[in-house]
Amino acid sequence: MQQNNMMKPDNNLVLAIISTVCCCLPIGIYAIVKAAKVDSLYNSGQYEAAAFEASEAKKWSIIAICVGAVIQIIYIAIYGFTIFTQLM
């Protein structure tokens, strides 16, 4: 019987959910799917795959946050420009 010496990786599910709700829905959903795989892979003994999926979930959550921030900046810039031109 093989003993488990590897700690369970953080599945980053909370980060994925926050990035989905607040930032970018499609990429955030992909991050949630990746995060949901971590626990089942770990419990089935696939420790390296669980660690990989955890890092992928974190990566895609951060990408979703960045994309959401860029979209918000563009939106604010367009909205500000529109208001500025109406005042002139």
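Predicted model: local features only at pLDDT ≥ 70, side-chain atom pairs only at ≥ 80, totals over all residues.
Local features need pLDDT of at least 70, side-chain atom pairs count only at pLDDT 80 or more, and totals for chains, interfaces and linings use all residues. Residues are numbered from 1 along each chain as its sequence is written, and side-chain values use heavy atoms, without hydrogens or water.

**Stop 1: helix 2.** Select residues 25–43. Helices here are DSSP runs (H or I, at least four residues), numbered from the N terminus. The 19 residues should span 27 Å at 1.5 Å a residue, where the expected span is 1.5 Å times one less than the number of residues. The end C-alpha atoms lie 28 Å apart, which agrees. Gly45 follows helix 2, with a positive phi near 90 degrees.

**Stop 2: Lys34.** Stay in helix 2 and pick Lys34. Is Lys34 buried or exposed? Lys34 is buried, at 10% relative accessible area; buried means under 20%, exposed over 50%, partly exposed in between (1.4 Å probe, protein chains only). Contact means heavy atoms within 4.5 Å.

**Stop 3: the cover.** Show helix 1 (13–22) and helix 3 (47–87). Both are among what covers the buried residues of helix 2. Those buried residues include Ile27, Gly28 and Ala31.

**Stop 4: the core.** Select Val38, Leu41, Tyr42, Tyr47, Ala50 and Ala54, the largest nonpolar core. Such a core is a set of buried Ala, Val, Leu, Ile, Met, Phe, Trp, Tyr and Cys residues joined through side-chain atoms within 4.5 Å. Finish on Ala54: beyond its neighbours within four places in sequence, Ala54 contacts Pro9, Asp10, Asn12 and Val38.

Conventions. Helix = DSSP H or I, 4+ residues; strand = E, 2+ residues; numbered from the N terminus.
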